[in-house]
Amino acid sequence: MSESMQPPFGPAPPPLAGPELPSFRYPLGAQPTKQFDGGTAKEATVVQFPVSDKLAGVYMTLEPGAVRELHWHANAAEWAYMIDGRARVTTIDPENQAEVVDFWAGDVWYFPRGHGHSIQGLDGGCTFILVFDNGYFSEFGTFSITDWLGHVPPEVLAKNFGLPASDFADFPKKEVYIARGPVPPPLAEDPAPASLNAPPLSHRYRLLAQAPEPFAGGEMRIASEVEFPISTTMTGALLTIAPGSMRELHWHPNAAEWQYYLKGSARMTVFGSGGRARTDEFAVGDVGYVPQGYGHYIENTGKDDLEVIVVLNNGTYESVSITAWMAGTPDLLLATNFGVKESIFENMPGDAVIMPD
């Protein structure tokens, strides 16, 4: 999609213009956790992670029956990956089409900016990572239903809903954020006709159920707007890299990249032009970030598979491979470019090491 259709962002963080690149790692898992009645949350926005100006993230848990209340985001779309457990998600769109869907571990959801939604933990509760296509995302751009209705006079609510004002006497007077309640019953297999005003595009995508795209040393499952049509401003992927292997040298010409490290340990090097490069070590719970167009690669430095959630702030997935570029360039030209013998390039791969469809 064109740059003009991307969400508005603030100015680029000054560190990217300096002689040295800043760290592209933020230890989200090591940060203090905000405790709520029924859940927890911790976030990584430009406030905590200044280099990540295009994307922000929140790690959240919900206990069984706890509800992240009905709300919407004015300044960002929301993409999420279910790490563990089960949740029930409700949505409402500008055409007043509603969807109620259960999510399992490995599922992805996407809410366009301004779509109302809620999330409720089912049996066993749930854990998920939220990613927003604006690094300046904050709770000031999040509008909660209790916060709004708590500041509307009872007589106005009575007029709006056609009910006595007394019916609203016990409504909360401030934002609830997370509400504790019972685990809801299973969804009906055949919804009543009144509940069939569903949107044409589902907010759910079964990412883990997708057949992975293999590459030498790993595999990747991807959910761009091709696979997940409602996700027009963000692409997400689950990247798995085997011990000792790496995600090849590449860059994304149309998007910044936000990462959450689910399993294993890794090393990522980011190239920022002008002789600048930065290498950071990553562990479970860390967040990584790569500015748009910056070259990078990820190595698995552990003894087990590395699993990384990767999210890009564009619904169209684009990746340029150094391997594919060199494979498509005459060996004589490469020899001239690097000032070495032409024979060095004869045994290089003939295409990108990873090339998802």
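**Asp280 and its neighbours**

The side chain of Asp280 gets to within reach of the backbone nitrogen of Phe24, at 3.0 Å. Keep in mind that this is a predicted model.

Where Asp280 sits:
- You'll find Asp280 in strand β19 (residues 277-282).
- Its relative accessibility is 7%, so Asp280 counts as buried.

What Asp280 meets:
- The side chains of Asp280 and Ser23 are joined by a polar contact of 3.2 Å.
- Leaving aside residues up to four places away in sequence, Asp280 touches Ser23, Phe24, Arg25, Ala266, Arg267 and Met268.

Aromatic pairs:
- There are 16 aromatic pairs in the structure.
- Take Phe49 and Tyr289: their ring centres are 6.4 Å apart and their planes stand at 80°, so this pair is edge-to-face.
- That pair ties together distant parts of the chain, 240 residues apart: Phe49 is in the loop between β3 (39-44) and β4 (56-62), while Tyr289 is in strand β20 (residues 287-290).
- Phe49 and Tyr289 are both buried.
- Phe168 and Phe171 have ring centres 5.1 Å apart and planes at 70°, so they make an edge-to-face pair too.
- Phe168 is buried, at 6% relative accessibility, whereas Phe171 is partly exposed, with a relative accessible area of 35%.

Other ring arrangements:
- Phe103, Trp109, Phe111 and Phe128 form a cluster linked by ring pairs.
- Over the ring of Tyr177 sits the charged end of Arg68, 3.8 Å from the ring's centre.

Technical notes. Residues numbered from 1 in each chain as written. Heavy atoms only, no water. Phe/Tyr/Trp six-rings, centres within 6.5 Å; stacked < 30°, edge-to-face > 60°. Helix = DSSP H or I, 4+ residues; strand = E, 2+ residues; numbered from the N terminus. Buried < 20%, exposed > 50% of the residue type's maximum accessible area, 1.4 Å probe, protein only. Lys NZ or Arg CZ within 6 Å of the ring centre and 35° of its normal. Polar contact = N/O pair within 3.5 Å; in protein donor to acceptor, adjacent residues only side chain to side chain. Contact = heavy atoms within 4.5 Å.
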